[in-house]
Amino acid sequence: MVDPKVIVIEPTDSEGSALGTLLRFLDLEAVHVHDAAELNCSPYRNSAELLAVIVGKQTIENQGAPLVAALRAMRQPLPVICLSSDGLPRIAESSGDLAWLPLEVPVKQRRLSAVLDQAHNVRGGHPTQPGKHRFRPSGTSRAMRTVHRLIEQVAPFDSNVLILGESGTGKEMVARHIHELSGRANHPFVPVNCGAIPADLLESELFGHEKGAFTGALSTRLGRFEFAEGGTLFLDEIGDMSLQMQVKLLRVLQERSFERVGSNKTMHCNVRIIAATHRDLDAAISAGRFREDLFYRLNVFPVQMPPLRERLEDLPILIEHLVQRQGQNGARNIRFNKDAMNCLARNPWPGNVRELANLLERLAILFPAQSISAADLPERYRGTALSGRPALKVISRASEAAPYLAKAGVVVAPDPIEVRGLGGDCGLGGDCELDGDCELGEHGEDAELGDEEACELVEAAPADEPQLYEMLEARLPRGGIDLKDHLSAIEIGLIRKALVEADGTVAEAARLLRIRRTTLVEKLRKYRLSA
């Protein structure tokens, strides 16, 4: 695997060599050039492997406009890491099209690593204009408006946050947005994937180690807690952490202190913790795979990310955002005709936003700067491989989401469309374990295309399951109902009855409702009920 490269613009060989040594320690390759002219002639100037440019403030002031012009002339302008003890140079104010990242001198490994992490995010295509939120999750649906409200409420505080949701829903984006809205925004955001690091190495990764602490520890190494000092530590896939590490993490959360591996010196940390997982932690606690006390420490402020199938009205906005981001990475913009957008809107998206982004990238490679039709989509997105179950009808209705759908070329079908084949495996991807109905959009019999009223899936209830479908015998009001509000009202009523019957004892009420006590506590908070 080729190491990412960083261009170091430094007139003196000794300083350039010193920066190159630091970068090699971070598994990066330094490309040393002395000035703007040498940068223009460098064979690496348009390499896709480049991550950032490092240059001193004095060098920028000495070489001025020619250097900035050389940076702008690159195929994709790179983030510029400016080495300075007193802020960015004046020319940066008139070069807002470049992403300027200050780095204090003398250069410390921890700060360099954190700034390179920011450069990696910018290089990934996030907006760099001052004053804009680079990591705000896209979407205007009711579910995403709730997520945005929760983010804005919790960001100013240092409370621990637990982000829940399926894989690919954008949990790390939420964590980064919380960080950039917080008072820690000028300090590092350090992500750690707890599921990708072997259990025996995770302790060293989080807390660091001393030289000689174990075989192969040839030098002292800082841990992620030290890298994140003053900022935010994002523990992704916390549900995959081993029980042994959960105990050690719990102690750090309680005491805000830790020791490096091989050291008995206690180090104090000032770090905000944001954790995320796609796993059901309640089930993991019941199975003995996750500590309940750690769950309570992390779950101070939960944020639930909705799957894409439950916010299909955000599909046009997401496609527009993702296509623009790919365009910043050099891809040619693509467009979708109405048939293609209708196919995408009928897909259940088991991989969520990540699956959508991968599909768009694939189509941009196959059909650059072209209009995508339904025939151009991979077969699984055309809905042609469905067989084996009774047909469902998609019945169109007028919808408030129509302007959003029309903007991206989505049309609500004027006539009923048969979606054939919903057997034990619905063939639409994802896990479908229902007998007689398939979850498209909302969990249940109503599929939502666009927003709550964009479409509904209607299927005759099997005659041999009267208890499961007895509610279908009730007539809908003439103007319809808000199903979410209706179900919430039912849930609130049952919770209140259970609490009355249990004389206000939460544990007993949870037993009557056949749910975990912690689940009932969360519902009490959600509906602002008291025991």
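So, let's begin with N352: N352 is buried, at a relative accessible area of 0%. Buried here is under 20% relative accessible area, exposed is over 50%, and partly exposed is in between, with a 1.4 Å probe and protein chains only. N352 sits in helix α14, residues 352-366, and its phi is positive, near 60°, though N352 isn't a glycine.

Quick housekeeping: this is a predicted model, so local features need pLDDT of at least 70, side-chain atom pairs count only at pLDDT 80 or more, and totals for chains, interfaces and linings use all residues. Numbering runs from 1 along each chain as its sequence is written, and side-chain values use heavy atoms, with hydrogens and water left out. Helices (H or I, at least four residues) and strands (E, at least two) are DSSP runs, numbered from the N terminus.

Most residues other than glycine have a negative phi, and most peptide bonds are trans. D27 also has a positive phi, about 65°, without being a glycine. But D27 is exposed, at 53%, in the loop between α1 (13-25) and β2 (29-33).

Then there's a cis peptide bond between V105 and P106, with omega about 0°. P106 is in the loop between β5 (100-103) and α4 (109-123).

Now confidence. pLDDT is the predictor's confidence in each residue, from 0 to 100; the chain mean is 77. Over residues 384-473, pLDDT stays under 50. Where pLDDT is low, the predicted coordinates should not be read in detail.

How values were computed. Contact means heavy atoms within 4.5 Å.
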